[in-house]
Amino acid sequence: MEDRLDIEVGLHRDAPRKAMERFEQFALGHNLPMGLIFKFQLALDELLTNAVSYAFEDAEDAEVEPSISLALAVTDSTLEATVEDNGRPFNPLRDAPVPDLSLSAEDRRVGGLGIHLTKAFVQTLSYERVDGRNRLNLVQPIGAHSEEQR
Amino acid sequence: MKVETSYAGSIAVAEVHGRIDSANAKEFDEELSAIIGKGVSSLVIDCGGLSYISSAGLRVLLIAIRRTNEGGGGLALCAVPDHVREVLEVSGFVRLTKVFATADEAKESFAQ
């Protein structure tokens, strides 16, 4: 099994799910723990879904072909991913609305919940804007000391 | 995703199987809306077969919680797998809906 996998995600509504099926195969092929796979998948799914939904909202003035990509890598001690799109600049770690979890169902807004889950489930997350692309890097430790293993 | 529903008066139990994400959240919403539209005031969602839920699915749950609350009933969850429960906890949904071990316990909570 390769230690790296590059996925061209696509732009359709079901594109994140197809990418997650490939992530799951990749992760299972590396015998990663199910708890880690579930949480990392959720984080990736949320980021890709955001990109599919919002990155190309102003796409009519786009000068380049819209693209979303996912790169996965496993090392001895980490599971890593890079999510990239060439849509409008957006740093979800800074700019996504922060949900108020203390509100009642009637007052709650769901916006920002995906990023909230992503932040909660991934140990190291970073954003940079590089060459007209949004790039999010995710790093999750694996191995015996990982408290999230099941 | 598959939803199997049984009805007992104004209480319905919907067993959800499979995964709920942005690809099928709309279908999940339609399923729950159809159930609530049948005069159901209290809805139990049996999560025993739920393998995965993302924020797109939580959005649908939130709408269903509001609609059942408005109808004077409510929404309860049961048989929630550990990994799904963690999603509910991190997203604060355990404060919005009750979580029971079994469907029978959830139904009893509405019958009182």
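## The sheet of chain B

In chain B, five strands make an open sheet of mixed pairing, ordered β1-β2-β3-β4-β5. Strands here are DSSP runs (E, at least two residues), as helices are (H or I, at least four), numbered from the N terminus, and two strands pair if DSSP finds at least two bridges between them. The edges are β1 (2–8) and β5 (98–100) of chain B, each pairing on one side only.

This is a predicted model, in which local features need pLDDT of at least 70 and side-chain atom pairs pLDDT 80 or more, while totals for chains, interfaces and linings use all residues. Residues are numbered from 1 along each chain, chains are lettered from A in the order written, and side-chain values use heavy atoms, without hydrogens or water.

## A pair of strands

β1(B) joins β2 (residues 11–20) of chain B through seven bridges, in the antiparallel sense. Along this pair, A8(B) stands opposite I11(B).

## Where the chains meet

Each chain brings its share to the contact (heavy atoms within 4.5 Å): 29 residues from chain A and 29 residues from chain B. Together they bury about 2400 Å², 55% of it on carbon and sulfur atoms; this is the accessible area (1.4 Å probe) lost on being put together, summed over both. R13(A), R17(A) and F38(A) supply 27% of the area that chain A buries against chain B, more than any other three residues.

Four salt bridges link the two chains, each a side-chain nitrogen of Lys or Arg within 4 Å of a carboxyl oxygen of Asp or Glu. R13(A) forms a salt bridge with E27(B), with the closest N and O atoms 3.8 Å apart.

Key:
Buried area = accessible area lost by both parts, 1.4 Å probe.
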